[in-house]
Amino acid sequence: MCGRYAASRGPEDLAAVFGVEKWEPAEALGPDYNVAPTKEVHVVLDRPLKDADDPRPVRQLRTLRWGLVPSWAKSPEGAARMINARAETVHEKPSYRRAFAARRCLVPADGYYEWVTGTEERELEVEGRRKRPRKQPYFVLPADGSVFAMAGLYEFWRDRTLPDDHPRAWWATCSVITTEAETTPLAATPAEGPRTLADIHPRMPLMLTPDRWDAWLDPSRTDPGELRSLLAPPPPGLLRAHPVSTAVSNVRNNGPELLKELAGPEEGTLF
C-alpha cells in the first residue's frame, strides 16, 4: 500500500523533470517529508486549460487533495479510505473505473514509507489480538536518486451544498495505484532486515518509469486493455530501502531528518 510518502522537490524542479507547461505559483506547495492522507499534494496531469480556445491537453502541475472522492459520491466522507487503488482491479471498481479511463496522473515523490509487516505481527492480526509489536518504518526510494513517479488517478466532485462561486464548491482529489511488492533483491540491501520489498509489505505504490509517462497521461487513450498494460511493475533493481526513525509514525513530525538512514532497525522494533 501507500499510506505515507515524502515530497521535497519544488515546482520548478518538478516542471523540468516532467515537462510541465503550466503551473500556478500561488498553488505551489513547500517540501513535505511526511505526506499523509487528505493532505494537499502535487500531481502531474495532461488536460486542456480551463476557458482556453485551444482544446489540446496541456501538461500541468496541479495541487489536489490525496483521497479520491468519486464524482457520484453523496459526500466526501470516505476520501481517507480512497488513497489507494489496486492495479489488478482499478479498471472495474466503480469508484475508479471512470478516472482510470480518462483522468490519470503522476504523483511525484522522493520515495514512500512502509512499516514492516512481519510474521509475528501477521499472526497477531489473524488471532485478533489488539496489542501489536512496534513496527520499524523503512523509506523506499529510487536507487539513482531520481523522482519516484507514482501512477495515480484524479477526480472532481461537486459539493451541492455550496453555491457555484464558493471556493470549496469543487473538490479535486487523487488516489495512488498500488501493485504487488517486488520479490527480487533490492538494489542496495540493509546490513540486517528485509532483502526485498515483499519482506517489508506485500503491496507497494506502482512506480512508472519515464518511458511510460506520456502514454499514461494521454487522455485520448481510453482502451482498458491498453491502459492496463502500462501498469506492469517496473524493472527489478531500481529501488532501495533503508530503516528510518519511528518518529515518522507520528504525522505531526515533518522534516528532512525523517529520511535519515539508520544503521539498522531501532531497538524494540520488528527486524
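Does glycine 193 count as buried, partly exposed or exposed, and at what relative accessibility?

1. Glycine 193 counts as partly exposed, because its relative accessibility is 22%; buried means under 20% relative accessible area, exposed over 50%, and partly exposed in between (1.4 Å probe, protein chains only). The residue sits in the loop between S11 and strand S12 (203-205). Strands (E, at least two residues) and helices (H or I, at least four) are DSSP runs, numbered from the N terminus.

2. A note on the basis of the values. The model is predicted, so local features need pLDDT of at least 70 and side-chain atom pairs count only at pLDDT 80 or more, while totals for chains, interfaces and linings use all residues. Residues are numbered from 1 along each chain as its sequence is written, and side-chain values use heavy atoms, with hydrogens and water left out.

3. The protein chain as a whole has 5 helices and 13 strands. Its radius of gyration is 19 Å, close to the 18 Å that the globule rule gives for 271 residues, so the chain is as compact as a globular protein of that length; the radius is taken over C-alpha atoms, and the rule is 2.2 Å times the number of residues to the power 0.38. Along the principal axes, the C-alpha atoms fill a box of roughly 60 × 40 × 40 Å. Of the 271 residues, 49% count as buried.

4. Among contacts (heavy atoms within 4.5 Å) with a separation of 6 or more, 72% are between residues 24 or more positions apart.

5. Histidine 42 belongs to strand S4 (residues 40-47) and counts as buried because its relative accessibility is 10%. Its side chain reaches the backbone nitrogen of leucine 29 at 3.2 Å. Asparagine 84 is found in strand S6 (residues 84-86) and, at 17% relative accessibility, counts as buried. A polar atom of its side chain lies 2.9 Å from the backbone nitrogen of cysteine 2. Asparagine 84 also touches Trp66, Tyr96 and Ser175, among others, not counting residues up to four places away in sequence.

6. Aromatic pairs come to 8, where rings of Phe, Tyr and Trp (its six-membered ring) pair if their centres lie within 6.5 Å; planes under 30 degrees apart count as stacked, over 60 as edge-to-face and the rest as tilted. The rings of tyrosine 112 and phenylalanine 148 are edge-to-face, because their centres are 5.7 Å apart and their planes stand at 75°. This pair links distant parts of the chain, 36 residues apart: tyrosine 112 in strand S8 (residues 111-115) and phenylalanine 148 in strand S10 (residues 148-158). Both tyrosine 112 and phenylalanine 148 are buried.

7. Tryptophan 157 and tryptophan 171 form an edge-to-face pair, 5.7 Å centre to centre with 90° between the planes. Tryptophan 157 lies in strand S10 and tryptophan 171 in strand S11 (residues 170-180), so the pair ties together parts 14 residues apart in sequence. Tryptophan 157 and tryptophan 171 are both buried. Elsewhere, ring pairs link Tyr113, Trp115 and Phe139 into a cluster.

8. Arginine 65 lies over the face of tryptophan 171, at 4.7 Å from the ring centre; a charge sits over a ring if NZ of Lys or CZ of Arg is within 6 Å of the ring centre and within 35 degrees of the ring normal. Arginine 104 lies over the face of tryptophan 216, at 5.6 Å from the ring centre.

Notes: Polar contact = N/O pair within 3.5 Å; in protein donor to acceptor, adjacent residues only side chain to side chain.
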